[in-house]
Amino acid sequence: MAALPELIKENPPEQTYTKHDQLYKELISTFFKEFLIAFFPEVHEHLDFQAIKPISEEVYTNLIEGETRRLDIVAETKLKNTDIIVIVHIEPQSYVQTNFHERMFHYFSLLYNKYRKPIIPIAIFSYEGNLGKG
């Protein structure tokens with residue numbers, strides 16, 4: 001039996017990444033409530049899905065240079081039976097990236113600075129291997 005080619009790449013080709021990223025974004029956006037019920041029931045039970053609305057995924061990563069980044073899924077909603085608004089940020093990740101945790105923290109900070117509301121960050125790892133080292 002021949003060995004399988006390496007499926008996890010540190011820097012995937014842009015075309016593959018874009019297709020994967022867009023597919024996850026479309027699926028989760030379309031089935032947002034169902035996604036949270038299946039994978040994050042403890043988050044789902046506290047959110048008011050009547051108040052949910054997508055918000056801009058664009059954040060400035062470098063205010064001086066004007067560089068921006070598009071986050072995958074960002075939505076605003078309320079906590080059930082309250083007026084507390086929260087931001088839900090979902091970031092699918094299809095390949096190993098050694099500084100992914102730093103990237104997520106950076107996004108968290110940028111979202112908080114922009115909206116000044118509690119943030120619920122969710123990362124989805126869809127690659128095989130040791131997630132703790134990625």
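I looked up Lys53 and found this residue partly exposed at 42% relative accessibility, where buried means under 20% relative accessible area, exposed over 50%, and partly exposed in between (1.4 Å probe, protein chains only). I worked on a predicted model, in which local features need pLDDT of at least 70 and side-chain atom pairs count only at pLDDT 80 or more, while totals for chains, interfaces and linings use all residues. Residues are numbered from 1 along each chain as its sequence is written, and side-chain values use heavy atoms, with hydrogens and water left out.

I then asked which residue pairs with Lys53 in a salt bridge, a term for a side-chain nitrogen of Lys or Arg within 4 Å of a carboxyl oxygen of Asp or Glu. The partner is Glu76, with the closest N and O atoms 3.5 Å apart. Lys53 lies in strand E1 (residues 47-54) and Glu76 in strand E4 (residues 73-79), so the pair ties together parts that are 23 residues apart in sequence; helices (H or I, at least four residues) and strands (E, at least two) are DSSP runs, numbered from the N terminus. I noted Glu76 as buried, at 12% relative accessibility.

I counted three salt bridges in the structure. In one of them Arg103 meets Glu91 at 3.4 Å, N to O, and because Arg103 belongs to helix H4 (residues 100-115) and Glu91 to strand E5 (residues 85-93), the pair ties together parts twelve residues apart in sequence. I found Arg103 buried at 10% and Glu91 buried at 1% relative accessibility.

Asp83 and Lys78 form another salt bridge, at 4.0 Å from N to O; here Asp83 is exposed at 67%, whereas Lys78 is partly exposed at 29%.
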